Amino acid sequence: MKKRIYRNILTLAAFALILILGVCVSFFGNSFRSQTRTELAAEAAFVSKACEEAGNGAAFCEGMGKIGDIRLTLISPDGTVLYDSDASASDMENHLKRPEVAEAFEDGSGSASRLSSTMDSVTYYEAVRLSDGNVLRLCQKRTSIFQIFLQMLPLLAAVAAILLLTALLSART
């Protein structure tokens, strides 16, 4: 009878631990995404304002280069890439159909995020239409919450194993 009670308590505790872990991963993932989008939007507003004041978007972007881990792309109204801080603009495909760019041309600003095919990172995009008709797009790659969770999994498994061992030893006495 005592073993059965311990088993039920252990099962309940394991279920509660998994449930709490799922809620925490979801909560922190949403918080992480929201914070990244907010920071990138603020950076886009700042850089686009500076770009407007400079007068020549392409020259400004070339002088600015990459801002830490944030990539800059300047896109003309026909979707042609005029400047990119990571690649040669002439080698890049037309960006007119990119969701964040299309939204910026239509509404003045746009944002999007895309998960990498390996699910190890998420790229966040923020685009702002400039007064000359071009769109300035900023993008930032971040480790996905899924990848962060996977990196924590060995530690979580070790903690779970210790708890299980402790519960089993307690059940025997």
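Predicted model: local features only at pLDDT ≥ 70, side-chain atom pairs only at ≥ 80, totals over all residues.

Me: What do β4 and β5 form, and which residue in the turn has a positive phi?
Reply: The two strands form a hairpin with five residues between them, and Gly133 in the turn has a positive phi of about 95 degrees.

Me: How many bridges are there between β4 and β5, and in what sense do they pair?
Reply: Strand β4, which covers residues 121–129, pairs with β5 in the antiparallel sense over nine bridges. Within that pairing, Ala127 stands opposite Arg137 of β5, and Arg129 stands opposite Val135 of β5.

Me: OK, zooming out, in what order do the strands of the sheet come?
Reply: The sheet is an open one made of five strands, arranged as β2-β1-β5-β4-β3 with antiparallel pairing. Its edge strands are β2 (81–84) and β3, each of which pairs on one side only, and the twist from one strand to the next averages 20 degrees.

Me: How many bridges join β1 to β5?
Reply: Six bridges join β1 to β5, and these two strands run antiparallel. As one example from that pairing, Leu72 has Leu138 in β5 as its bridge partner.

Me: Now the helices: which strands does α1 lie across?
Reply: Helix α1 lies across β1 (70–75), β3, β4 and β5, and it runs at about 150 degrees to β5. Helix α2, made of residues 57–64, also packs on the sheet, where it touches β1, β2 and β5, and its direction makes about 165 degrees with that of β1.

Me: Switching to charges, how many salt bridges does the structure hold?
Reply: The structure holds seven salt bridges. As background, side chains of opposite charge can pair when their charged atoms come close.

Me: Which residue forms a salt bridge with Glu39?
Reply: Glu39 forms a salt bridge with Arg142, and the closest N and O atoms of the pair are 3.6 Å apart.

Me: What about Lys49, which residue forms a salt bridge with it?
Reply: Lys49 pairs with Glu53, with the closest N and O atoms 3.9 Å apart. The two residues are four residues apart in helix α1, so about one helical turn separates them. Glu53 counts as exposed at 62% relative accessibility, and Lys49 counts as exposed at 54%.

Me: And how far apart are the closest N and O atoms in the salt bridge of Arg114 with Glu100?
Reply: In that salt bridge the closest N and O atoms are 3.2 Å apart. The pair links distant parts of the chain, with Arg114 in strand β3 (residues 109–115) and Glu100 in helix α3 (residues 99–107), 14 residues apart. Arg114 counts as partly exposed at 28% relative accessibility, whereas Glu100 counts as buried at 0%.

Me: Last topic, which residues form a nonpolar patch on the surface?
Reply: Leu12, Phe15, Leu19 and Val23 form a nonpolar patch there, and together they have about 440 Å² of accessible area.

Me: Is Phe15 buried or exposed, then?
Reply: Phe15, which is found in helix α1, is exposed, with a relative accessible area of 55%.

Note on methods:
Residues numbered from 1 in each chain as written. Heavy atoms only, no water. Salt bridge = Lys/Arg side-chain N within 4 Å of Asp/Glu carboxyl O. Buried < 20%, exposed > 50% of the residue type's maximum accessible area, 1.4 Å probe, protein only. Pairing = 2+ DSSP bridges. Axes fitted to C-alpha atoms, helices over the stretch in contact; angles between N-to-C directions. Contact = heavy atoms within 4.5 Å. Patch = residues over 30% accessible without salt bridge, like charges linked within 9 Å, V, L, I, M, F, W, Y side chains within 5 Å. Areas by Shrake-Rupley, 256 points an atom, 1.4 Å probe, with all protein chains shown as cover.
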